[in-house]
Amino acid sequence: MRVRTSLTTLAATAVLLASAATATATATATAAAQPLSAPHITNHFQLAASQQPENITVDRTGATYLTFSFARQIVRVTPGSRPHVLATLPAPAKANTPNLGKAFVGGIARADDGTLYVTYATGTADLTGVWAVRPGGRPHRIAALPADGLPNGLAVDQHTNKLYVTDSVHGVIYRLPACGGKATVWAKGTQLEPTTFAGANGLKLHNGSVWATNLDRGTVLRIPVTAKGTAGRIQVRATGMPSIDDFAFTGHGDTLLAARDDNQVDLVRPDGTHTTVLTPADGLQTPTSIAVHGSKVYVPSAAYMTGKDPNLLIARLGR
């Protein structure tokens with residue numbers, strides 16, 4: 001997630017120009033680099049309707065679920081079809097979301113029973129927090145989070161029935177019961193904190209650890225979960241990726257794919273080295289997150305910085 005309000009238009013313009021320069025420099029390829037192939041856009045969304053996909057999850061059948069950040073919506077998407085709105089979160093009386101100014105639906109995760117969890121930031125105490133939507137049900141808040149924060153990435157641990165949430169403003173990771181209840185700070189530290197705009201951002205659970213990105217610092221972090229369930233020492237696993245957003249593991253050990261708001265997707269190897277595998281030449285328009293399901297890689301683009309053609313791209317993952 002990387003967006004700006006009208007109060008920071010000049011900063012946004014500077015980032016847009018930088019993104020354009022990056023696009024010019026990296027758009028020499030016309031297709032994805034290995035291990036990705038056959039990238040193609042399956043869905044184009046309506047920018048005028050604020051259909052800007054922020055985060056994605058895929059269920060066991062391959063069904064895709066997205067958050068539309070500023071439309072306050074949770075949607076189900078099938079290739080080539082219009083989004084099916086599952087829920088719209090209530091609008092605040094007056095949004096005062098830190099860094100953004102307007103209501104923002106961020107991360108999404110799905111439990112095995114079909115419940116969808118999302119983060120919601122409004123800058124108001126009555127709505128900011130983690131929300132849940134059960135199949136056929138209405139959205140309801142299951143945990144409050146600080147109104148002066150920016151809850152963003154989200155992951156569910158099916159084994160312990162816990163949710164983990166990043167706060168990009170406070171630079172912490174919260175943990176709370178998936179059934180609802182009080183959220184507590186699970187991990188904190190300089191590595192999670194922002195330097196200018198947003199710190200802890202994307203979030204995944206993988207091989208007994210919580211993994212996160214820091215957008216401002218351009219890093220991938222690993223935090224082991226101890227036998228007592230507490231946070232171990234924060235480890236920096238990769239650096240040098242400005243504007244890194246959310247990510248997904250490829251299924252090959254600790255290798256992951258990371259979306260970058262400067263209009264590229266990087267393959268990040270276990271030793272921390274990384275290479276660009278998708279660029280604007282493949283259709284990226286401020287990619288925000290990644291999902292991997294079998295041999296398919298899903299990449300939503302929110303067009304936050306490019307201002308055109310929010311979309312969903314699918315590529316093939318080599319095995």
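**Close-up views of strand pairing in a predicted model**

View 1. Five bridges pair strand E19 (residues 256-260) with E20 in the antiparallel sense. The model shown here and in the other views is predicted. Leu256 has Val268 in E20 as its bridge partner. Three residues lie between E19 and E20 in this hairpin, and Asn263 in the turn has a positive phi of about 75°.

**View 2. Burial of strand E20.** Strand E20 covers residues 264-268, and five of its five residues are buried. Burial applies to both faces of E20. On one side are Gln264, Asp266 and Val268, and on the other are Val265 and Leu267. Here a residue counts as buried if its relative accessible area is under 20%.

View 3. Asp266, one of the buried residues of E20, has Thr276 in E21 as its bridge partner. The hairpin has five residues between E20 and E21. In its turn, Gly272 has a positive phi of about 95°.

**View 4. The open sheet of strands E10 to E13.** Four strands form an open sheet in the order E10-E11-E12-E13, and their pairing is antiparallel. Strand E10 (151-157) and strand E13 (184-188) each have a single partner strand and stand at the edges, so one side of each has no neighbour in the sheet. From one strand to the next, the twist averages 25°.

View 5. Six bridges connect strand E11 (residues 162-167) and strand E12 (residues 172-177) in the antiparallel sense. Leu163 is paired with Leu176 in E12 as its bridge partner.

**View 6. The hairpin of strands E22 and E23.** Strand E22 (residues 291-293) pairs with E23 over three bridges in the antiparallel sense. The bridge partner of His293 is Lys296 in E23. Two residues separate the strands of this hairpin, where Gly294 takes a positive phi near 60°.

**View 7. Strand E23 and its pairing with E24.** Strand E23 (residues 296-301) is mostly covered, with five of its six residues buried. E23 and strand E24 (residues 311-317) run antiparallel and are joined by six bridges. Lys296, the bridge partner of His293, stands opposite Arg316 in E24.

Note on methods
Residues are numbered from 1 along each chain as its sequence is written. This is a predicted model: local features need pLDDT of at least 70, side-chain atom pairs count only at pLDDT 80 or more; totals for chains, interfaces and linings use all residues. Side-chain values use heavy atoms; hydrogens and water are left out. Two strands pair if DSSP finds at least two bridges between them. Axes are lines fitted to C-alpha atoms, for helices over the stretch in contact, and angles run from 0 to 180 degrees between N-to-C directions. Buried means under 20% relative accessible area, exposed over 50%, partly exposed in between (1.4 Å probe, protein chains only).
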